[in-house]
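These entries record what I looked up in the structure.

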Amino acid sequence: MQFVYHPNSQRIIFGAGTLKQLPDEVALLGIKKPMIISTEFQKDLAVSTKELLGDSFESNIFDQAVMHVPRESINAIMSDIESNGNDGCVCMGGGSTIGLGKAVALETGLPSIVVPTTYAGSEMTPIWGITEDGVKTTGRDAKVLARTVIYDPELTVTLPDFLSGPSGINAIAHCVEALYAENRNPVISLMAEEGIKALAESLPVVVVELDNMEARSKALYGAWLSGTALGTVGMSIHHKLCHTLGGSFNLPHAEVHSVVIPHATKYNQEHAPEAMQAIARALSTTPDDAAGALFDLLGKVGAPTTLEEIGMKEEDLDKATEIALSKPYYNPREVTKEGVRALLQNAFTGTRP
Ligand code: NAD
């Protein structure tokens, strides 16, 4: 056995009700003037966070975070931060909000605390993304890692079922690809398998029992494991395809991940036997049906199963194939034009793999 394991150093607070520890955690980082970041949709959460922080801090709110971190949003928040003299960020939300916090950290080096409210996993990764003139550039920089993450499942209660299902499957996709990553290691593989199991057991409950805090906790625990996997090892064909489909055809992030992951798993089935065994153990099935069981899970959590239903046009599948093949990357099975085109066709029609 040979591997390199390079964990990211972050402080994790987990549990229902832990949001109330936020003032202590902000103080621990020496932040006195936090900028609270949210989307407009979650601005009430930003306001209640400001109240929670109270008079001990001079906090401000920026509630205009949007998908894909456009340069205009960064310019707007940077101008506010400079005029307020903020010395850190508190990100309250999903990947879009966290992404803006990362862009601020990239430019300023200011520390951030993240309170995730979806299962996307960005809070655990050093990966940033910025969109300029319609082109999204991504990179890795330890500077953008959240110093502290507070996982409070009570904040996921407001996540509607149609977002919870795809968001949780997005997290499962990180775990699946971590299991066959080129730089995989035994610790992350354990976390990835446990992440799939926790999410697969909890998500079907989360989408029907909104107040089931045990299921919500388990799903968020799985999301933490999945984000850790995403932030530590490399991703392959699935993430490459989802990046292409989301960026070039403007398809919704978590939904694309949901539709594609069973087919990407099938694509690699014969070339990643240990990963298939781990997925099978997590889903209580056989390794040759790991992809099929992932497909069945989509139905149980109300996630979409076809690219068609989330807005992809069949005539764009050739173009998507070309873009996905334009730059080489690691995948356990060779990435071929015929293979990718067939994968996308199956994802388009929602054929059970
Ligand atoms: P999101 O942050 O875009 O949130 C979607 C919508 O749901 C927003 O309106 C948000 O305000 C709302 N919302 C979030 N949590 C809620 C809650 N608990 N209750 C009610 N509403 C809530 O969605 P996302 O899937 O978390 O993030 C997607 C983005 O994150 C993509 O742009 C993706 O590229 C990025 N991402 C980045 C990384 C990384 O490592 N850099 C990892 C995963 C995702």
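Which residues does I279 touch, not counting residues up to four places away in sequence? I looked this up in the model, which is predicted. I279 touches V176, L179, I196, T265, A290 and L294.

Entry on the domains. I recorded that the chain is divided into domain 1, residues 11-156, and domain 2, residues 161-349. I took the centres over C-alpha atoms and noted that 26 Å separate domain 1 from domain 2.

Entry on the interface. How many residues of domain 1 are in contact with domain 2? I noted 19 residues of domain 1, in contact with 24 residues of domain 2. The size of an interface is often given as the accessible area lost when the parts come together, so I looked up that value next. The area buried between domain 1 and domain 2 is about 1,700 Å², and carbon and sulfur atoms give 68% of it. On the side of domain 1 that touches domain 2, β1 (11-14) and β7 (135-140) each supply at least two residues.

Entry on polar pairs. Across the interface of domain 1 and domain 2 I recorded zero salt bridges. Across this interface I did find four residue pairs in polar contact.

Terms used
Residues numbered from 1 in each chain as written. Predicted model: local features only at pLDDT ≥ 70, side-chain atom pairs only at ≥ 80, totals over all residues. Heavy atoms only, no water. Contact = heavy atoms within 4.5 Å. Domains from an automatic or database assignment. Buried area = accessible area lost by both parts, 1.4 Å probe. Salt bridge = Lys/Arg side-chain N within 4 Å of Asp/Glu carboxyl O. Polar contact = N/O pair within 3.5 Å; in protein donor to acceptor, adjacent residues only side chain to side chain. Helix = DSSP H or I, 4+ residues; strand = E, 2+ residues; numbered from the N terminus.
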